Amino acid sequence: MTAIGVQAQRLLGQKRPRWSFFESFIRTLIIVCAALAVVLCSVSICDGHWLLTKDRLFGLWHFCTITNQSGPHCLRDLSQAHIPGLAVGMGLARSAGAMAVVAAIFGLELFMVSQVCDDINSRRKWAIGSFLLLVSFVLSSGGLLSFVVLLRNQVTLTGFTLMFWCEFIASFLFFLNAISGLHINSITQPWDQPRKF
C-alpha cells in the first residue's frame, strides 16, 4: 500500500461509528433539557424577586416594601432592609447565578458541537460540556443556598416566588443533565476504538 493509501485509510478510520436511535434520542433530550435549564436560570436571575414576606419583597437586585395604599416601593440599596450582610451576600448570590448561566451556555455549546462535528474529539467535547453543567449546578446551588441562609429568619415555604422555584428547577436540571451526560458517555462505545462482535 502506498503512503497516500495509508493516509487515506487512517483518515477514514477516524470517523466515528453511527449512533443508534436510542443514543441519539437520549443525547438530544439532554441538550433540550439543558437549554430549558439555561432559560429558566437566566429569567430567574434577571427578575431576581425570590421571596415575598408579609409586607416585603426580597430579591437579588432590589428590596421592596409593599403597602396597601400604593404599589411596591423598591430600593436598590439592600442595606435598607436592615439585615446584616445582605448587600454583600446578594452580590455573591448574583455572581454565582450569573456564572452558572455562563458555564451552562458554554456546556450547551459543547454539547451541540459534539453532535454536529463528526470527529474523534466529539466524546471529549461532550464530557467537557457535562463537566461545565456540573459546575453550573454547583454555582446555582451556591447562589440559592446563600440566599436562603441570608434570609433564614424571613423564609417560609409559601413565601418563595415562582422565580425562586425556576432557579431551583434549573439547578436540579443542571445536575440531572450533567450526570446523564457523563453516564451516557461512559456506557456508549468509544469512537476511537474498534467494535467487537
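## The sheet

Two strands are said to pair if DSSP finds at least two bridges between them. The model described here is predicted. In this model, four strands form an open sheet, with antiparallel pairing and the order β1-β2-β3-β4. Strands β1 and β4 (73–75) are at the edges, and each has a single partner strand, so one side of each is left without a neighbour in the sheet. From one strand to the next, the twist averages 20 degrees.

Within the sheet, β2 (residues 56–59) and β3 (residues 63–65) form an antiparallel pair over three bridges. Here F58 stands opposite F63 in β3.

In soluble globular proteins, nonpolar side chains tend to be buried together. The largest nonpolar core of this model has 38 residues, and those that touch the most other members are W50, F58, L86, F147 and L151. Two or more residues of this core come from each of the elements α2 (21–47), β1 (49–52), α3 (86–116), α4 (122–150) and α5.

## Residue F168

Is F168 buried, partly exposed or exposed? Its relative accessibility is 44%, so F168 counts as partly exposed; the range for that class lies between 20% and 50%.

F168 is placed in helix α5, which covers residues 162–187. In sequence F168 and S140 are 28 residues apart, while their C-alpha atoms are 8.2 Å apart in space.

Technical notes:
Residues numbered from 1 in each chain as written. Predicted model: local features only at pLDDT ≥ 70, side-chain atom pairs only at ≥ 80, totals over all residues. Heavy atoms only, no water. Buried < 20%, exposed > 50% of the residue type's maximum accessible area, 1.4 Å probe, protein only. Core = buried A, V, L, I, M, F, W, Y, C linked by side-chain atoms within 4.5 Å. Axes fitted to C-alpha atoms, helices over the stretch in contact; angles between N-to-C directions.
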